[in-house]
Amino acid sequence: MAEDKSVAVEARGITKSFGQGVAALRALDNVSVLVRENEFFTLLGPSGCGKTTLLRLIAGFEFPTYGAILLHGQDIARLPPFRRPVNTVFQSYALFPHLTVAQNVAFGLQMLGRPRAETAARVTAMLRLVQMETLANRRTDQISGGQAQRVALARALAPAPKVLLLDEPLSALDYKLRKEMQIELKRMQNETGVTFIFVTHDQEEALTMSDRLAVMSAGRILQVGTPREIYEHPADRFVANFIGETNFLQGEIQASGEGSAEVRLDLGVTLKATLPRGGLPRGRTTVVVRPEHAVLGPAGADTGLSGILENIVYSGVDTQFHVRLASGGLFLVRAQNSHGAPAQLPGEPVVVTIQDGAAQVVGD
Amino acid sequence: MEPSAIPALEAAVDAPRVAEHAARRDLTGRWLLSAPAMIIIFFAAIGPLFVMLAYSFMAKGDYGDVKLGEFSLDGWFSVFLQRDIFDDTVTLADAHLSIFWRSLKLSLVTTLVTLILGFPTAYFIATRPLRSRDVWLFLITIPFWTNLLIRTFAMQQVIRNEGILNSLLIATGIIDQPLQIMFTDTAILLGMVYVYLPLMVLPLYASMEKLDFRLVEAGYDLYAGRLGVLRRIIIPLVRPGIVAGSILVFIPSLGAYVIPRVLGGGKTMMLGNLIELQFGGGRNWPLGAAISITLMILVMVALLFYVRNASRLGAQHG
Ligand SMILES: Nc1ncnc2c1ncn2[C@@H]1O[C@H](COP(=O)(O)OP(=O)(O)OP(=O)(O)O)[C@@H](O)[C@H]1O
Ligand SMILES: [Mg+2]
């Protein structure tokens, strides 16, 4: 691989089974993924899809049934956790209750046998980074959830790991604190230059924070890409459905060219849609359209999908229009709110026009 | 509104007095409620202690018992000292001192050995799946169902010269003469470890069960090896169990009576046997009472020292 130098973590064909024989459960099924150095990489997927398992394999708490885990090109799959330059921020934080905040942060450095003065200086610097200097001597059961999360972060960053693993570290926080911590996490990743592998099942969090993300389902990685790639060009039905709101339309590929194809929808309209990377599905296909990539117009235009406007949902920044298509399906259109009331009223016939190149063909 | 305002005002003026009255009644009520407990504590715990204390300061009766009301320090004198019958010189009572020393030593070693054996046992049980844990705990508590005397005699069957252990060792050719274990300190130690081990395992298990094993993982994650995790995380967190288990084993060990009697024979006495001797064949009740109280003070001093030390160690860590 040409860019081998910049690869921080690589999983090669990882399979992880729990239990034996008939009762065996495949938590991960032939998973391969590359995480680049200094990247904010997110694992996103529904509950039980294997995110934590993959993280625990990288941390060393579990060992893969098959496959290799490489850290900077070196196979670490058989090393115990205390020999891996990788630290974890646990979902439950797992702060040591018998130690103070500062002692928690110092723990890793002490175990590495760093000189006393160096440890003290590093602890101070870490506590400053997470803005917890004033609470250095508190017991860990006397701090708030957000503070505990910051201590967990400082503790994991103190030994200067090559890779930091974060297992849903924000899931226990309330909405406002969560937003603040998202920004702080990004800031800390920029300041420290450490590779972050972040686990979440919150798609909004994944999209806003990640450099790249992997969407997982049932022990497999379905798609890896930048938030924009994943959102605008989902590779398959599950990804499209899991991330954001989506309209699914059935149709037939008529002609395909370089990366795009003419698709004749069952509703009688022909449109140009982007093809997924790799192979192109022949014959019948599914096309996805994001609600904000469609425009609502008055009945009469002949290039769109005609239907009846059923419902209007106002939500501050934008408005959602529910359109009942001729096929009986519901189509969602989202429009930014400008001043004044929308032109259409519920019950009126309307036409939905899909923006050029906004439709995406997905595999099933 | 208007008419009812006046009684309300009166009530408000009255309130402090009413509250005071209620508080007084409350206090009497509380005393009454706790009376049964107080009576039991007095008759079962404090009362006998005072009887013992009083006896230890009385002259001994000719055929046991004490001469009521006749003050004497002879009992206390003989705890550690003895007077030569011929020339009246006062020397240290070597026999008593060596029994004190042996009891202390054996109890400490018993506590240490049960801790060393009990710790991995409790850890093993605490890390089993929930269902099999109950089975293991059940197995640990089975000995409690059997009388102490029977358990001690069972131990005798194992270690006596013609017993299971020696037969096995001779049969396998490891030794050709039976090992003399019976009637030695080793026999007493074996017996005490066997009998008191569950008292160590149970409190250890109780605190290990509460241990959050994610903290152990966090320790491994932060470069602590197996020994580091044991020393810096597991031991500090289960310290309450270690303290409780040690106390539960040390106290009965120090006063053990049946085990040294059966396994140690008449030769190797412990404090319990010495006390029994004074109230029985020795016919020296004041001395027996004085030794009993000395033993109690010994236990209290040891506990104070131990708990202090343990909590200071804890404070050093956290
Ligand atoms: N130690 C284990 N023994 C048996 N099965 C396990 C074990 N750990 C995980 N699993 C199973 O493996 C699958 C993946 O679990 P994992 O914890 O990785 O999911 P996850 O994606 O982190 O989910 P969540 O978002 O709920 O945390 C689940 O079906 C889970 O039941
Ligand atoms: Mg998880």
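This is a short tour of a predicted model, stop by stop, with something to select at each one.

Residues are numbered from 1 along each chain as its sequence is written, and chains are lettered from A and ligands numbered from 1 in the order in which they are written. Local features need pLDDT of at least 70, side-chain atom pairs count only at pLDDT 80 or more, and totals for chains, interfaces and linings use all residues, while side-chain values use heavy atoms, with hydrogens and water left out.

**Stop 1: chain A as a whole**

Select chain A. Its C-alpha atoms fill a box of roughly 80 × 50 × 40 Å along the principal axes.

Of the 364 residues in chain A, 50% are buried. Buried means under 20% relative accessible area, exposed over 50%, and partly exposed in between (1.4 Å probe, protein chains only).

Now think about contacts, meaning heavy atoms within 4.5 Å. Among chain A contacts with a separation of 6 or more, 65% join residues 24 or more positions apart.

**Stop 2: ligand 1**

Select ligand 1 and show the residues near it, those with a heavy atom within 4 Å. The surrounding residues include A:Phe18, A:Leu25, A:Ser47, A:Thr52 and A:His201. By class, this shell has four nonpolar, six polar and two charged residues. Ala, Val, Leu, Ile, Met, Phe, Trp, Tyr, Cys and Pro count as nonpolar, Asp, Glu, Lys and Arg as charged, and the others, Gly among them, as polar.

Next, draw distances to the ligand's oxygen atoms. A polar contact is a pair of N or O atoms within 3.5 Å; within protein, one must be able to donate a hydrogen and the other to accept it, and residues adjacent in sequence count only if both atoms are side-chain atoms.

- A:Cys49: a polar backbone atom, 3.2 Å from a ligand oxygen.
- A:Lys51: a polar side-chain atom, 2.7 Å from a ligand oxygen.
- A:Glu168: a polar side-chain atom, 3.3 Å from a ligand oxygen.

On its own, ligand 1 has 640 Å² of accessible area, and the protein covers 61% of this. Strand 2 (25–36) and helix 1 (51–59) of chain A are the elements that give two or more residues to the shell. Helix 1 has the largest share, three residues.

**Stop 3**

Select residues 305–315, strand 16, and 349–354, strand 19; four bridges join them, antiparallel. Strands pair if DSSP finds at least two bridges between them. Look for A:Leu305 opposite A:Val352.

Strand 16 also pairs with strand 17, antiparallel, over eight bridges. Their hairpin has two residues between the strands, and A:Gly316 in the turn has a positive phi of about 80 degrees.

Click A:His322. In strand 17, A:His322 is the bridge partner of A:Asn311. A:His322 also stands opposite A:Leu332 in strand 18. Strands 17 (318–325) and 18 (330–336) run antiparallel, joined by seven bridges. Four residues lie between them in the hairpin, where A:Gly328 takes a positive phi near 100 degrees.

**Stop 4: B:Ser72**

Move to chain B and select B:Ser72, in the loop between strand 2 (66–71) and helix 2 (74–80). Is B:Ser72 buried or exposed? It counts as buried because its relative accessibility is 10%. A polar atom of the B:Ser72 side chain lies 3.0 Å from the backbone nitrogen of B:Asp74. Leaving out residues up to four places away in sequence, B:Ser72 touches B:Ser56, B:Phe57, B:Met58 and B:Ala59.

How values were computed
Accessible areas come from the Shrake-Rupley method with a 1.4 Å probe; for residues, only the protein chains shown count as cover.
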